[in-house]
Amino acid sequence: MKHTEESPQRPSLFLEVCCQNEEPRLPLHTSIALFLLSYCECKSFKVFLVFGTPGGSHALRGQLPAGLDVCDLRPEDVPRLVRGCRLPAVLDETGMLCRAGLAVVLRHVIDKTTEADPSRKNVLALLGFKKTCLKACAEVSKWTRLCEIGIPSAVEEHLKDPTNPDQQLPLAILTLERRRAEPVKVHNDDKIRRQKLQAQKRNKKNQGKGNRNAQPEPGQSPQVSDEHELRTALAKLSVDPVPTAATRENSDIRKVKTTDLPPLEHVFAEGLYFTLTDVVLLPCIYQYLCSLQAHAASSLHQLPHLLRWYSRVQEVPGVLRAAKECGMDLSIPRVLMSGLPAPSAEDIPPSPSEPEEGKETTLQLRFVGGPRPTMTKLQESGIEAEFTPHPCPDWTLPWDSLPGAISPTEGNVSNIRVVRKRQQLNNLVAMVTELARPGHTVVDFCSGTGHLGIALAHTLPDCQVILIENKEESLLRAQNRSAELGLKNIGFVQANLDYFTGPFHIGVALHACGVATDMVMEHCIQARAAFVISPCCYGFIQNAIKFTFPKSKRFQETLTYKEHMILCRFADQTAVQLPPEKRLIGKQCMGLVDLDRSWVAQTHGYSVQVMTMEPESCSPKNNLLVGKLPRGSGLEVDAAQQEAPAHN
């Protein structure tokens with residue numbers, strides 16, 4: 001069926017279907033989303049299965065939960081805003097807000113379920129302590145990256161050739177195994193650990209009554225005992241009545257020092273409680289275990305904690321029902337596990353080496369002295385900060401005649417700050433206005449509440465403007481402001497930068513913090529799009545998943561990583577309350593860091609200018625990076641051939 005882009009009554013969930021051996025197959029991200037829908041018994045979405053090759057959902061009926069409103073869809077019929085994102089994705093009722101990426105979509109499913117039925121405390125509990133489970137984006141959180149990307153990607157790669165006898169256990173799965181071997185730290189764990197100590201002493205008195213010869217479960221070490229943790233975890237779900245320990249411990253238990261209390265064992269992926277992370281991992285580990293042949297099953301002795309988790313997660317009320325609805329028979333892998341001997345300590349592999357990417361993110365560098373030796377070293381190599389004169393220093397938006405919703409006055413903002421924010425917007429809108437042509441798409445990365453993107457959409461009515469932001473609260477405020485203005489040429493995407501894959505002509509970012517500037521610049525270079533970026537928070541720059549510093553060849557030949565970090569640290573010393581000589585050094589450091597960035601873009605054919613926003617007092621972080629390609633070499637899209645905005 002063809003999906004219409006008129007206002008739907010419910011949000012639409014778009015899930016990918018791929019092809020393997022000429023048969024339709026559900027990728028892991030799709031299986032995970034369907035499993036969560038089944039576990040939550042969520043009926044809030046119209047589900048569209050997007051088939052990249054001819055086929056239909058009739059061949060997948062055994063893997064689709066009953067009661068879901070499911071339709072088939074061809075890629076060309078997917079709404080434009082969704083088509084520019086990686087699936088899974090959700091398009092809201094207005095057709096103007098798209099949520100993309102596995103973690104963002106799953107968290108939204110939970111929100112919609114509890115919104116429809118606030119009594120579903122077991123569903124709300126999936127978001128974890130303070131509702132932060134998988135909230136941090138994968139670019140900054142190793143744990144989110146492992147669960148959202150690492151494990152699914154490793155299993156998908158394994159499934160391409162599961163019978164390869166030389167295939168090793170995936171590094172991501174070994175990393176998860178080591179994580180589960182660590183003691184658990186949870187909120188209020190002192191109380192739970194005292195209850196565990198009391199239970200241990202009670203069980204010790206009952207030993208010798210026929211339990212000594214009991215065999216451990218397959219994959220369970222005889223030393224592992226998480227019965228108390230499991231009881232506590234299931235009690236929190238409030239689904240079935242679970243007997244809990246007495247609320248007050250014996251006096252001898254209360255006197256035990258915290259350091260002498262027994263550690264808590266992992267029951268579920270993040271520790272003690274069943275969360276969204278377990279929902280993500282279960283379809284992955286299930287498919288991985290099912291794919292192993294008899295000759296490969298022997299390697300499972302290296303995963304005792306993971307196999308223990310696989311058994312425990314099936315005891316959560318609702319899991320077996322949801323798995324069955326999705327065509328997952330969780331008992332099948334137990335055939336492989338049944339013949340495994342109990343693992344010994346030497347069977348467990350050493351901690352796998354972390355990938356080099358992100359290695360420096362936890363490195364604490366000690367800085368001694370100031371930036372002058374580093375700046376002198378660069379100067380001796382012929383490298384100095386270069387600033388291009390501002391082409392239109394007096395250009396300004398007609399603020400007095402603009403609608404109030406465009407002005408950055410929301411919240412408790414002082415008049416001075418409003419003036420400065422308007423000055424910052426003047427600079428970026430002026431540069432984009434020079435670059436934009438009718439029919440162009442402008443993407444506001446890290447858009448926040450939409451100050452820049454909304455001003456651009458109002459100023460450039462013949463262009464399509466897309467705001468991308470990972471924080472839902474900020475994006476919803478931007479959407480409300482846009483609705484107040486009646487803007488029709490604007491769209492909103494809640495996602496990490498990597499989940500936006502659509503074509504665009506100009507990328508902008510106002511005060512993109514730390515490596516966010518580098519991420520936006522890289523995204524623009526990949527799209528062959530122009531960019532207008534105001535960097536910020538230079539002191540937060542450090543080696544990350546995709547970047548190592550310094551970036552350009554000349555800087556790499558001149559400076560070490562530590563020396564570059566010295567530049568970044570002192571680039572943040574531009575606050576107005578500092579002495580003028582310190583601010584001048586800070587400005588020079590900003591210019592050097594951005595010069596390094598600009599030289600990288602130049603190797604990709606860009607002409608890049610580093611300039612100062614006018615007036616300089618508009619912000620302590622007043623650098624502006626403007627990059628463009630020679631005419632004819634960039635992303636050329638005939639405006640007349642562009643599709644209409646997704647909401648039309």
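Is Phe 445 buried or exposed? At 0% relative accessibility, Phe 445 counts as buried, where buried means under 20% relative accessible area, exposed over 50% and partly exposed in between, with a 1.4 Å probe and protein chains only. The structure is a predicted model, in which local features need pLDDT of at least 70 and side-chain atom pairs count only at pLDDT 80 or more, whereas totals for chains, interfaces and linings use all residues. Residues are numbered from 1 along each chain as its sequence is written, and side-chain values use heavy atoms, with hydrogens and water left out.

The protein has 22 helices and 13 strands; these are DSSP runs numbered from the N terminus, with helices being H or I of at least four residues and strands E of at least two. Of its 648 residues, 54% count as buried. Among contacts (heavy atoms within 4.5 Å) with a separation of 6 or more, 76% join residues 24 or more positions apart.

In the largest nonpolar core, which has 76 residues, those touching the most other members are Phe 35, Leu 36, Leu 37, Leu 126, Ile 151, Phe 274 and Trp 309. A nonpolar core is a set of buried Ala, Val, Leu, Ile, Met, Phe, Trp, Tyr and Cys residues joined through side-chain atoms within 4.5 Å. Helix α10 (residues 276–291) gives the most to this core, with ten residues. Apart from this core lies another, of 65 residues, which includes Leu 378, Ala 527, Leu 592 and Val 593. Not counting residues up to four places away in sequence, Leu 126 touches Leu 36, Tyr 39, Cys 40, Ile 110, Cys 133, Phe 274, Thr 275, Leu 276 and Val 279.

The structure holds seven aromatic pairs. Rings of Phe, Tyr and Trp (its six-membered ring) pair if their centres lie within 6.5 Å; planes under 30 degrees apart count as stacked, over 60 as edge-to-face and the rest as tilted. Phe 14 and Phe 48 form a stacked pair, 5.3 Å centre to centre with 15 degrees between the planes. Phe 14 belongs to strand β1 (residues 12–20) and Phe 48 to strand β3 (residues 46–51), and the pair links parts of the chain 34 residues apart. Both Phe 14 and Phe 48 are buried. The rings of Phe 445 and Phe 504 are edge-to-face, because their centres are 5.6 Å apart and their planes are at 70 degrees. Since Phe 445 lies in strand β7 and Phe 504 in the loop between β9 (490–494) and β10, this pair ties together parts that are 59 residues apart in sequence. Phe 504 is also buried, with a relative accessible area of 0%. One aromatic cluster is formed by Tyr 39, Phe 268 and Phe 274.

Helix α19 (residues 516–527) is largely enclosed by the rest of the structure, because ten of its twelve residues are buried. Its buried residues include Asp 518, His 523 and Ala 527, and they pack against β7 (441–445), β10 (506–513), β11 (530–536), α22 (580–602) and β13 (623–628). At 1.5 Å a residue, α19 should span 16 Å, which agrees with the 17 Å between its end C-alpha atoms; the expected span is 1.5 Å times one less than the number of residues. Arg 528, which follows α19, has a positive phi, near 55 degrees.

Thr 374 lies in helix α15 (residues 372–380) and is buried, with a relative accessible area of 4%. Leaving aside neighbours within four places in sequence, Thr 374 is in contact with Leu 559, Glu 563, Ile 566 and Leu 567.
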